[in-house]
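Biologist: Please take a close look at one part of this model, the interface of the two chains. What holds there, and how are the two copies related?

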There are 2 protein chains.
Amino acid sequence: MKNYQKMSKSELTKELAALNKQKEAYKKKQLKLNMTRGKPAPAQLDLALGMNKVLIKKEDYISKDKIDCRNYGDMTGIYECKKLLGDMCGAKPEQVIVAGNSSLRIMYDVVAHAMIKGVCGNKPFMKQGEVKWLCVVPGYDRHFAIMEYFGIKMINVPLLKDGPDMALVEKLVKDSQVKGIWCVPKYANPSGTSYGPKAIKRLAALKPAAKDFRIYWDNAYTVHHLYPNKRDNILNILDEAKKAHNEDIVYVFASTSKISFAGAGVACVAASIKNLEDLKKNFTVETVGFDKVNQIRHVKYFKNIKGIEAHMKKHANIMRPKFEMVLKVLDKEVGPMKIATYTRPYGGYFISLNTLDGCATRVHALCKEMGVSLTAAGAAYPYHKDPHDSHLRIAPSYPSIQEIKPATEILALAIKIASVEKALKK
Amino acid sequence: MKNYQKMSKSELTKELAALNKQKEAYKKKQLKLNMTRGKPAPAQLDLALGMNKVLIKKEDYISKDKIDCRNYGDMTGIYECKKLLGDMCGAKPEQVIVAGNSSLRIMYDVVAHAMIKGVCGNKPFMKQGEVKWLCVVPGYDRHFAIMEYFGIKMINVPLLKDGPDMALVEKLVKDSQVKGIWCVPKYANPSGTSYGPKAIKRLAALKPAAKDFRIYWDNAYTVHHLYPNKRDNILNILDEAKKAHNEDIVYVFASTSKISFAGAGVACVAASIKNLEDLKKNFTVETVGFDKVNQIRHVKYFKNIKGIEAHMKKHANIMRPKFEMVLKVLDKEVGPMKIATYTRPYGGYFISLNTLDGCATRVHALCKEMGVSLTAAGAAYPYHKDPHDSHLRIAPSYPSIQEIKPATEILALAIKIASVEKALKK
């Protein structure tokens with residue numbers, strides 16, 4: 001096994017020449033491989049084709065509580081869809097608003113309401129001076145984009161092995177300008193990390209200085225396991241918050257975007273009744289109601305949480321070999337050389353990869369040269385600034401397994417080149 | 001024909017006693033009739049049941065430009081749906097963003113963007129002091145609710161026979177704090193009035209003091225004719241604005257909520273390319289994409305604008321007799337007595353009724369006593385304040401024709417009672 005740290009300058013130069021030769025060979029192939037976004041593959045979408053066979057007769061459109069899903073009204077959604085999504089994210093149906101096709105949009109909206117009208121009767125954020133937010137890093141770029149849009153100052157909180165650095169969180173929330181924290185608690189985007197019970201209990205019991213502080217709990221991958229037997233289970237934060245007499249501390253978000261159809265699923269927010277009433281007041285101004293036809297379509301198709309779980313096993317059968325292929329190539333090519341570390345998640349959509357410090361941007365550029373698109377280096381950090389320039393998000397879901405192998409080999413080659421270049425600069 | 005104006009006090013007292021007797025008879029019937037909201041009737045919704053038979057194979061989900069509608073992305077929508085909605089509201093596909101299930105939500109969003117980020121690079125409304133808005137009255141209560149939510153000051157502009165009082169509009173927009181005007185230009189909610197060419201040309205050529213002033217053109221009823229031959233046609237404001245070298249002046253909104261399924265349709269905003277680019281920047285923060293499955297479902301079902309027009313003829317066949325029943329009863333009971341005036345629209349969802357000044361609230365309460373729910377008096381005015389307390393919005397769409405007859409008879413009786421009571425107070 002080569003060790004770049006121990007190689008002489010001339011050895012490194014020779015090595016780089018050899019690697020660059022490989023690079024040129026790849027460039028000639030003019031590949032176009034894409035591992036940028038967490039999109040389901042067509043084969044996963046095919047799994048839900050039956051969804052459009054469940055609504056035929058007009059009776060099919062009537063909910064159990066006699067709501068005609070084809071008409072206006074019933075802003076919070078139909079009961080059976082609240083139950084379906086509630087069971088998915090650990091909330092009672094009464095605690096759920098089913099609000100459109102995208103949890104991202106609900107999150108944006110909830111932040112927008114807080115900016116414009118304030119949280120539960122508190123002053124609008126826009127009238128409270130500089131608003132700050134804790135961002136667990138690496139994290140989801142679109143959470144951070146919402147913050148930038150509203151001009152909210154983001155503060156990095158490192159994600160440790162079993163959750164956010166809670167000592168730091170507890171310290172930072174003493175600042176009453178800190179109004180929220182973004183969390184993806186299960187199979188986190190992008191590391192695949194799941195929060196352990198201690199971190200969740202500490203979050204649920206958090207006593208921030210700001211009364212209008214909330215945890216924005218994006219439970220995007222709650223049923224997105226890769227293995228039938230190895231799976232992460234996390235504590236229910238709504239329950240834990242209740243136990244800590246702190247039930248208003250959290251908004252929970254979830255959707256079926258990566259279960260049924262991406263962008264054509266149903267999404268929800270779940271929270272304490274007090275929070276929910278506050279959200280309802282805002283949503284009522286925006287809309288007469290969300291798409292209830294899609295709600296009942298999902299209920300008729302999946303029937304219940306067991307139906308969703310059974311469906312997700314089929315997803316896992318498609319996703320698992322792709323994750324394993326990425327890991328197999330990395331384990332062979334870069335793991336033993338200690339020039340990159342990477343996560344081995346049991347679920348979710350991503351693998352986090354860390355190059356040596358200062359190499360991620362270069363690896364991204366090298367991959368691009370060789371025809372592999374990766375999410376931009378730094379994307380998983382607020383303001384696109386990875387303090388170590390070491391993180392890359394690998395998204396194995398969309399490409400085929402035939403594409404993943406060369407794409408990851410190219411990634412490995414890029415890591416080697418960047419690492420040698422770094423060693424040469426010393 | 002009785003004339004309450006010319007009756008003596010004792011005649012009026014006798015009349016009131018007779019009317020109250022009728023009222024008591026109705027009360028005993030314990031009716032529950034609802035003419036509050038502009039909801040399609042179940043029979044109208046049944047017309048579109050075929051919508052869920054158009055997407056079966058996976059190929060059905062692929063748009064003409066090869067977009068898989070089941071996956072993320074393509075935020076502005078698929079081309080063929082832009083074309084369908086563009087043809088409906090007079091815009092080129094390139095000028096359209098198909099944005100979810102509800103035009104109300106798009107309108108809210110566009111106003112929210114203006115508040116938070118500003119219009120086309122101008123300062124956010126929230127940083128411009130008191131923002132004012134022109135509201136054509138009577139108008140749509142939910143437009144006004146958005147204004148109240150954002151704390152925007154509303155200024156009434158009377159709707160004349162063929163459009164807003166344009167002299168007043170032109171005067172008011174000299175104030176640079178005036179940032180918008182709500183218009184429902186065709187079969188307006190609630191009067192059914194359509195704007196004439198002069199008004200539309202003057203609107204399109206408007207030169208407001210505020211650069212970030214826009215016309216918010218809610219073309220909600222553009223294909224919602226009641227008669228096959230009698231129909232209103234309005235000028236295309238996008239074309240007129242272009243002719244006036246003023247194309248950034250207007251945002252156009254439309255949806256299929258009252259065409260396919262209410263709340264489960266597709267909705268759009270159309271505007272100049274400059275405006276559209278500005279809107280895109282905002283939408284991109286909110287969402288990865290709107291529900292494209294529903295977009296392609298609509299396209300496959302309706303095919304094109306001719307398909308929509310043919311479909312709307314079936315709607316008209318259900319709606320027309322209901323409107324005619326309302327008018328027939330009113331013509332018989334109150335019209336000749338000169339105690340109410342009302343509109344006779346050729347399309348849309350509503351009839352505007354004006355009682356004698358100061359009687360609308362009373363009529364609403366009397367109807368309620370007799371088991372008929374009407375939209376609250378004043379609802380069609382900003383801050384729910386009808387300066388004459390004379391306006392009521394009649395919504396004949398949802399109840400059956402068998403319900404509309406007694407409901408309108410009760411309404412007529414209520415108008416008579418309130419008118420006699422008014423005469424007695426003199």
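This is a predicted model: local features need pLDDT of at least 70, side-chain atom pairs count only at pLDDT 80 or more; totals for chains, interfaces and linings use all residues.

Modeller: A salt bridge here is a side-chain nitrogen of Lys or Arg within 4 Å of a carboxyl oxygen of Asp or Glu. By that rule, eight salt bridges cross the interface of chain A and chain B. Residues are numbered from 1 along each chain as its sequence is written, chains are lettered from A in the order in which they are written, and side-chain values use heavy atoms, with hydrogens and water left out.

One of the salt bridges pairs Arg70(A) with Asp46(B), with the closest N and O atoms 2.7 Å apart. Arg70(A) sits in the loop between helix 2 and helix 3 (79–89) of chain A, and Asp46(B) in helix 2 (residues 42–46) of chain B, so this pair joins two chains. Helices are DSSP runs of H or I, at least four residues long, numbered from the N terminus. Arg70(A) is buried at 2% relative accessibility, whereas Asp46(B) is partly exposed at 23%; buried means under 20% relative accessible area, exposed over 50%, and partly exposed in between (1.4 Å probe, protein chains only). Asp46(A) has a salt bridge too, with Lys58(B), at 3.1 Å from N to O.

As for extent, 54 residues of chain A are in contact (heavy atoms within 4.5 Å) with 54 residues of chain B. The two chains bury about 5000 Å² between them, 53% of it on carbon and sulfur atoms; buried area is the accessible area (1.4 Å probe) that two parts lose on being put together, summed over both. Tyr72(A), Arg105(A) and Tyr149(A) supply 17% of the area that chain A buries against chain B, more than any other three residues.

Now the relation of the copies. Chain A can be laid on chain B with an RMSD of 0.0 Å by a turn of 180° and a shift of 0.0 Å along the axis, the superposition being by least squares on the C-alpha atoms of residues with pLDDT of at least 70 in both. The two copies are therefore related as by a two-fold rotation axis. In chain A, the C-alpha of Asn52(A) is the nearest to that axis, at 3.2 Å. Both copies use the same surface, as 100% of the contact residues of chain A recur in chain B.
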